[in-house]
Amino acid sequence: MSEPTGGLATFGIDGRILLAQLINFLVVLFVLKRFAWGPIAARLDARSKKIEEGMKDAEEAAKRLKSADAERASMLSATRSEASAIVEKARADSEAMRAELIARAKGDVERVVMGGKAQLKAEQEAMKAELKRDVAEFAVEAARRILAEGVSKESSERLSSEMVVAWARKEV
């Protein structure tokens with residue numbers, strides 16, 4: 001066999017070996033594309049879609065979070081306003097109740113004072129009546145004794161003094 005000359009042979013490349021290597025390369029390329037590259041590319045595509053969906057979900061979640069924050073802030077503001085109104089109403093109610101209790105207490109005090117005054121006046125009237133009765137009994141007894149012993153000035157004064165002492169001791 002003669003060695004090929006010219007063309008690729010001048011660079012030390014054998015055309016048959018090159019052709020065999022080219023066929024081997026194509027076969028390996030076909031096998032890799034058929035059994036390795038296709039599934040890897042499909043997985044990469046699926047992974048890319050999953051990442052895109054994840055990004056979309058993350059963006060949507062961020063929007064929902066922002067919306068929820070705005071809603072929470074709005075609800076918090078409304079709740080604070082409502083709480084403030086409730087506190088103000090409770091304060092007004094307690095002030096009204098306080099005024100009512102004070103008025104009721106004043107009325108009770110006035111009733112007690114009026115009852116005390118009435119009771120004091122009744123006791124005063126009873127004491128006056130008892131005093132009148134005692135004075136009348138004293139006068140009757142003094143008159144009875146003066147009439148029984150005669151009507152001299154000395155005896156009248158002595159009997160009057162005895163009657164005053166007896167009346168002071170409540171013996172009459």
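**How helices H1 and H2 meet**

In this predicted model, helix H1 passes helix H2 in a right-handed crossing. The two axes come within 10 Å of each other, and they cross at roughly 145 degrees. On the H1 side, the residues that take part are Leu131, Asp134, Phe138, Glu141, Ala142, Arg145, Ile146 and Glu149. Across from these, H2 brings in Ser156, Arg158, Leu159, Ser160, Met163, Val164 and Trp167.

Next comes the question of which way H2 faces. Four of its residues, Ser155, Leu159, Met163 and Ala166, are buried. They sit on the same side of H2, because they cover an arc of only 65 degrees around the axis. Behind this is a simple rule: an α-helix has 3.6 residues a turn, so residues three or four places apart point the same way. The partner for the buried residues of H2 is helix H1, which runs over 15-149. Turn to the face pointing away from that buried side, and the exposed residues Lys153, Glu154 and Ala168 show up.

As for H1, Leu22 is one of its residues. Leu22 is partly exposed, since its relative accessible area is 46%, a value between the 20% and 50% cut-offs. Leu22 lies 84 residues from Lys106 in sequence, and their C-alpha atoms are 118 Å apart in space.

Technical notes. Residues are numbered from 1 along each chain as its sequence is written. This is a predicted model: local features need pLDDT of at least 70, side-chain atom pairs count only at pLDDT 80 or more; totals for chains, interfaces and linings use all residues. Side-chain values use heavy atoms; hydrogens and water are left out. Buried means under 20% relative accessible area, exposed over 50%, partly exposed in between (1.4 Å probe, protein chains only). Helices (H or I, at least four residues) and strands (E, at least two) are DSSP runs, numbered from the N terminus. The arc is that of the directions from the helix axis to the C-beta atoms. Contact means heavy atoms within 4.5 Å. Axes are lines fitted to C-alpha atoms, for helices over the stretch in contact, and angles run from 0 to 180 degrees between N-to-C directions. A crossing is left-handed if the near helix is turned anticlockwise from the far one by less than a right angle, and right-handed if clockwise.
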